[in-house]
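Subject: Structure handover

Dear colleague,

Here is the structure for you to look through. My notes on what turned up follow below it.

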Amino acid sequence: MILIGVILYFVFRKKKEIIEEEIIPALPPFEEAIKKFHELDEKLLWQNNQIKEYYSELTEIVRGYIERELKVPALESTTDELIEILTDFNDIESIKTTKETIKKLRDLLREADLVKFAKSKPLSEQIEFCRKEAEDVVTELKPEVIETKTEDDDELD
């Protein structure tokens, strides 16, 4: 009798519904960074006197982009370490960028370090300039798509 009850329990019990999680493909690093810049703008952090939080998020976006795109430990590196890595990459032509872009990044990260650690209070014009520079750096570090010529292309020539 007990055996029949156990069997019936297992046969008729409600099976737990398996919830399928929708897998959203990750955006490419450049698109993700641009999206995060726009989300940061919408938060109005620096306008609400949350300057430290603003710079933290701004540099996290830039460092996250560099980490994903260039495969370097940008989030765990200090400003000087990251600049040295990028300079070395540029010198051996692993990345194609200019010294001006690396200088922009260095200036941006140092300004953010002053805000985050030395309690510096930049003026609104400087904050807006840093925001623009951050997007410029990401854009200038974006790898160029190299088109390869196929045999079909040769036949058309």
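Glu-135 and Arg-131 form a salt bridge, with their closest N and O atoms 2.6 Å apart. The term means a side-chain nitrogen of Lys or Arg within 4 Å of a carboxyl oxygen of Asp or Glu. Both residues lie in helix α6, four residues apart, about one turn of the helix. Helices here are DSSP runs (H or I, at least four residues), numbered from the N terminus.

This is a predicted model: local features need pLDDT of at least 70 and side-chain atom pairs 80 or more, while totals for chains, interfaces and linings use all residues. Residues are numbered from 1 along each chain as its sequence is written, and side-chain values use heavy atoms, leaving out hydrogens and water.

Arg-131 is buried, at 11% relative accessible area. Glu-135 is partly exposed, at 24%. The cut-offs: buried is under 20% relative accessible area, exposed over 50%, partly exposed in between (1.4 Å probe, protein chains only).

The whole structure has 13 salt bridges. One of them joins Glu-140 to Lys-104, with the closest N and O atoms 3.1 Å apart. That pair links distant parts of the chain: Glu-140 sits in α6 and Lys-104 in α5, 36 residues apart. Glu-140 is partly exposed at 30%; Lys-104 is buried at 15%.

Helix α6 covers residues 124-141. Its 18 residues should span 26 Å at 1.5 Å a residue, and the end C-alpha atoms are 26 Å apart, which agrees. The expected span is 1.5 Å times one less than the number of residues. Its buried residues include Ile-127, Cys-130, Val-137 and Leu-141. The buried residues of α6 pack against α2 (29-43), α3 (51-70) and α5 (99-117).

**Thr-97**

Thr-97 is in the loop between α4 (79-91) and α5. Thr-97 is buried at 15%. Leaving aside residues up to four places away in sequence, Thr-97 touches Asn-90, Ile-102, Glu-140 and Leu-141. Contact means heavy atoms within 4.5 Å.

**Aromatic pairs**

There are two in the whole structure. Ring centres must lie within 6.5 Å; planes under 30 degrees apart are stacked, over 60 edge-to-face, the rest tilted. Phe-30 and Tyr-65 have centres 6.5 Å apart and planes at 75°, so they are edge-to-face. Phe-30 is in α2 and Tyr-65 in α3, 35 residues apart. Both are buried. Tyr-54 and Tyr-55 are also edge-to-face, with centres 5.9 Å apart and planes at 85°.

Best wishes

Methods:
Helices (H or I, at least four residues) and strands (E, at least two) are DSSP runs, numbered from the N terminus. Rings of Phe, Tyr and Trp (its six-membered ring) pair if their centres lie within 6.5 Å; planes under 30 degrees apart count as stacked, over 60 as edge-to-face and the rest as tilted.
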